[in-house]
Amino acid sequence: MAAPGENMRVNADRLWDTLMDMAKIGPGIAGGNNRQTLTDEDGEGRKLFQSWCDQAGLTMGVDTMGNMFFTRPGTDPDALPVYVGSHLDTQPTGGKFDGVLGVLSGLEVVRSMNDLGIKTRHPIVVTNWTNEEGARFAPAMLASGVFAGVHSQEFAYARKDPEGKAFGDELKRIGWVGDEEVGARKMHAYFEYHIEQGPILEAENKDIGVVTHCQGLWWLEFTLTGREAHTGSTPMNMRVNAGLAMSRIIEMVQGVAMENQPGAVGGVGQVVFSPNSRNVLPGKVVFTVDIRSPDKAKLDRMRAKIEAEAPEIADALGVGCSVEAIGHFEPVTFDPKLVTAVRNAAERLGYSHMNLISGAGHDACWAAKVAPATMVMCPCVGGLSHNEAEDISKEWAGAGADVLFHAVVETAEIVE
């Protein structure tokens with residue numbers, strides 16, 4: 001198949017302006033975004049994205065999970081589409097680029113194809129997946145997981161946010177329940193462009209991350225049951241302290257992760273104390289352990305050790321302990337042919353690059369179960385993400401979008 005010419009580039013200024021316009025919807029309190037899934041702000045962002053895709057001549061389809069698909073036709077009506085996308089939803093204190101960069105760069109690929117009069121044999125479909133973040137409705141990558149057959153739609157619709165609102169009800173409320181069957185679409189290939197969310201590319205002074213694998217993950221939600229008691233008047237030897245049990249379990253998780261170096265991480269990012277009062281020992285503590293590794297055997301070994309040792313720690317303090325796995329995906333090896341297409345595009349365009357293993361989960365992890373898939377990454381300042389201070393440069397954004405452009409149109413097969 002013909003490779004795109006090295007002079008083919010996206011319009012980086014237009015891409016940046018589009019990113020900044022989307023960032024006006026659901027602004028955070030410190031320069032980032034709070035556009036959580038299925039909120040009014042999510043609905044507003046979807047409408048803006050739809051308007052841009054309409055202007056680019058794309059045709060919209062929406063499935064019953066609210067996944068949005070915008071199609072640019074190919075010359076062969078029988079050719080399966082090349083999909084490119086990510087997500088528009090954010091963390092409660094999220095940045096302006098996590099996920100959004102991939103969706104709007106997919107749009108920019110199409111806009112640049114229109115500008116240059118490029119035709120491809122395969123259609124190209126720009127995609128916005130619902131609830132990638134999992135911040136409001138766990139687990140993460142929920143709608144792409146239903147698409148890939150990992151979750152049932154019934155399971156997804158029943159997920160509840162911290163206020164008890166159900167995913168299915170909120171999807172209907174904001175008006176984005178489509179009529180397509182989830183997962184009925186077939187893909188020729190899937191590409192996802194994302195900020196690294198880590199410090200490696202910036203530290204190595206590389207423009208492009210060629211993503212070869214994605215770490216596997218377990219989210220283990222612990223519920224510890226102690227006894228509420230006054231912090232001042234309850235003797236130390238008479239406490240049933242769920243908070244102390246939690247702290248010792250977190251220390252154990254740290255030790256398990258360190259024992260499995262290199263290529264393993266573990267930690268806790270969310271803790272809920274009840275009643276969460278300054279002078280009351282908690283009667284209940286709920287927290288989620290997040291462990292990840294690209295090595296399945298190592299990942300499963302870590303989980304087994306944590307689940308075996310946590311109840312022993314709690315029992316020694318008289319604290320009840322239960323655990324539920326609320327999120328999981330296996331390590332992913334991305335398609336070697338598509339990985340090579342990304343690497344060749346970076347070389348053709350003169351961008352420095354290196355292989356990366358994604359530390360975070362992405363919709364591409366589920367897409368890879370049903371089609372050849374891969375990812376492109378660009379640096380982010382200080383490796384910071386899931387933070388309102390998350391930042392990238394216009395040049396970084398444009399370089400990755402150029403690589404995405406080349407890899408997508410080459411895979412979709414340019415028609416001369």
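I take axes as lines fitted to C-alpha atoms, for helices over the stretch in contact, with angles running from 0 to 180 degrees between N-to-C directions. Helices (H or I, at least four residues) and strands (E, at least two) are DSSP runs numbered from the N terminus.

I note that this is a predicted model, where local features need pLDDT of at least 70 and side-chain atom pairs count only at pLDDT 80 or more, while totals for chains, interfaces and linings use all residues. Residues are numbered from 1 along each chain as its sequence is written, and side-chain values use heavy atoms, with hydrogens and water left out.

I looked up helix H3 against helix H12 (residues 394-412), and found that their axes come within 9 Å and cross at roughly 65 degrees. In contact (heavy atoms within 4.5 Å), residues of H3 including Leu 101, Val 109 and Leu 116 meet residues of H12, among them Ala 397, Phe 405 and Val 409.

After H2 comes Gly 57, with a positive phi near 85 degrees.

I also checked Thr 37, in the loop between H1 and H2, which counts as buried because its relative accessibility is 2%. Leaving aside neighbours within four places in sequence, Thr 37 is in contact with residues including Asp 42, Asp 89 and Arg 136.

How values were computed:
Buried < 20%, exposed > 50% of the residue type's maximum accessible area, 1.4 Å probe, protein only.
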